Amino acid sequence: MPTKSIFLFFLLAIGMLACEDVAISEERLLEQRKLQLTNTLQAGILPAHQSFLSAAESLHQLSQTFRTTPTEDHLIAFRKQWKEAASSWKRCEFYDLGEISDSFIHFRIYRRPTNIEQLEETISNGELIDLDYVESQGSAVIGLAAIEYLLFEAVTDTSLQSFQADTKRADYLLALTAYLLDQAQALQESWGDYGPTFTNSLQSSIDGGQNLLVNAIVSALEETNKDAIGKPLGEASGGIAKLELLEAHRSSSSMSLIKATFREVKASFRGDYPNSESNYGFDDYLVALKNKELLDKIDTAIDKCEATLAELGGPDLKSTLATKPEAVAQLQLDFTALLLLVKIDMASFIGAIIVPNESDGD
Amino acid sequence: MRATATSFNGVGLGIYRITFGLLLCCSSIRFLLKGWVYDCYLAPNMHFSYRYFEWVKPFSPEWLMYLLVVLCALASFLVAIGLFYRIAIVCSFFLFTYLELIEKAWYLNHYYFVSIILLLLCFIPADHRLSLKSYFSKSKARALTPPIYANVLRLQISLVYFFAGLAKFTSDWLWHALPLKIWLKAKVDVPLIGWLFELEAIAYLFSYFGLAYDLGIAFLLWNKKTRPLALLLVVAFHVMTAVLFNIGMFPWIMIVGSLIFVQDDEWEKLFAFFQIKLPAPTFSKVSKTLPKWLLVLFGLHFFVQLLLPLRPYFYNKNKLWTERYYRFAWNVMLMEKAGYAIFTIKEPQSGKTWKVYPNDHLSPTQEKQMNFQADMIWQFAQYLQPIYQKKAAHPIEIYVDAFVTLNGRPSKRYLPQNLNLLQIKQEETYDFILPLDYTDD
């Protein structure tokens, strides 16, 4: 009797399968994942890294010019290029994924905040300040954050004078940009090597490409909310605003960097990178999974964030934080709403793993 | 259906002891190798204790926790080989249960199951056959354990399956094939059969097969005629779950568990078929009765085992949403749930506020679990209280902004925003959980 029941059960099951109306041959989910990852790599990641490499090259050229002739004009051009490079870096920073993340190369390019005491000590202790010297230093005294400190530490004149008076300082700055260029090249090469692995990581485990992208969006929004907005808003200090905790506050580019990060969040979700052929993103994947309701919610949340960012203006958050903290708090609320939808609704719905499993489940 | 005294000779118990002991030993070694001693016991700043077991804490220095897991593996190994069995099984039980009780965020049904089996084995002399003790023993004066011992284990495993089946009677499981519909679509990368998981019918098929399996497998295992088929089903079902889901040792523990249903005479026939000669028994007769105190104890145990899985049905409108009494009730693989929580600390008199992101204080697993479990949200608030009270001059209040999604539904606010978590008791938190259909508007 039980054998017959089991046989009947399977018969019924086969019947159910036969009735299923799904065109699986052309719209396989696995193929859709591949399409998304390929689009992200080809239209998003590789161009972003190429653009950062170009920005790092320009930065280094201006650094050389400034080293030779430390004039105010050159300093201004140098500073402007730093802002370009930092903004360009934000696109790459978003893609701290898989083997790239394991290599910790992102730390070598941009670790914030820079350790000022240690940086000053490193400069004054250096006898021969060159690329090798910078290469041997820890991530707290190198990279974009250290360059920002040296370039923007004071008003133009004082800063210029400090370079003119202290050649070690100018040498260190030159070595920093040379090292940044090296790292930008190395990072681009790493993506060249890792790219095919990334686009072929179609598995649903934590190292699957789609999982890595969901986690990248989550990390970007969480870090922006907590560090770039929350801490300056005074979340960790009883509500007392801490302007000095704004990201890149010396260069007054905090808002630009938040905007750059958000642009990448949006592009990676919608897949609509410049020059993208397929524009395939999570939005298309949600459509494939037939969850238009969730997609509409996320789209609305993205649009809301964008509108609030536009209202806040830029490029710095400092003045807005001092005069209209409620507007900044609203931006944080909008980011939180988007974060919620991606981190729990979307991740849960597509079966993405947000937290690396420390244990089994049952 | 029931083993008779004449057909019983303790081989089945011996085989179960060996396989279960070895599995537990491997499980402990795996725990060590994966670095989970650090992740679970040492890394977290605080631990989510079980109610009434708040006193269970990790020992310091740190190496002691590693030592305890090693000892647990060693004790399990001694259980498997049947050497110093009584001491080893009692040590296994206390060590494993102690390690399990430290951290609620790491609760797993199969950890609980292992603890129960170890507890039962403390009262079951399972070392009469296929053990080093019987190998070295010269005396044949002792009586073999009564067959009821094996039935105690069979009954326990049957209850697990049955209540796991009963727990699946939720509208999500029955009508929407959730959460399998979500999980299977994520598993389209499984070789050969992955493409099948895109079909919704497969999710329904798996849901109903899982339900039928849980409700019926114990009956099939008890029945001599259907037992071979049942054993095949057990292996097929659990191997499939092992391939599809990240559920660690659970499938293997249940496969091993099914071996206890095989009667001793069937084992004898199987060994004879493969021309394996078993060591001669070292007992003189089979005892038929159990001491009365032990019968009472087993009776009490099964009474509790009936009560615990039934509790959620009396206290919840939707147990998946509230999770009140959800643990220890064999609610296995029933939901895809995720949450997000941020805490706000207020000092009303001064107007000061702080925002706390749980990942600044909790491990990833702790945060993940706390985000959607009311009792843990309450516990985290209690943990924050002394930390932030030090920063404030006046009494503080703690609020949570918590959102939860269940089985693919849109996320909903979980607890009221204006609920001061310091003003309520842990158990009361469940009463404040907002309904699943609640909207902020």
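Which helices do the buried residues of H11(B) pack against? They pack against helix H10 (200–222) and H12 of chain B, with contact meaning C-beta atoms, placed from the backbone, within 7 Å. Before you click on, note that this is a predicted model, where local features need pLDDT of at least 70, side-chain atom pairs count only at pLDDT 80 or more, and totals for chains, interfaces and linings use all residues. Residues are numbered from 1 along each chain as its sequence is written, while chains are lettered from A and ligands numbered from 1 in the order in which they are written.

Stay on H11(B) and select B:Ala230, B:Leu233, B:Val234, B:His238 and B:Leu244: these are buried (20 or more other C-beta atoms within 10 Å of their own; exposed is 12 or fewer). They cover an arc of only 125° around the axis, so they sit on the same side of H11(B).

Next, show H1 (residues 11–33) and H12 (residues 250–258) of chain B: they pack at about 170°, axes 9 Å apart. That makes the two helices roughly antiparallel (angles over 145 degrees). For the contact, pick B:Thr19, B:Phe20 and B:Leu23 on H1(B), then B:Trp252, B:Ile253 and B:Val256 on H12(B).

Last stop: bring in chain A. Here 52 residues of chain B are in contact with 39 of chain A. H10(B) gives the largest share of chain B's side, seven residues.

Key:
Axes fitted to C-alpha atoms, helices over the stretch in contact; angles between N-to-C directions. Helix = DSSP H or I, 4+ residues; strand = E, 2+ residues; numbered from the N terminus. Parallel < 35°, antiparallel > 145°, perpendicular 65-115°, else oblique. Contact = placed C-beta atoms within 7 Å. Arc of directions from axis to C-beta.
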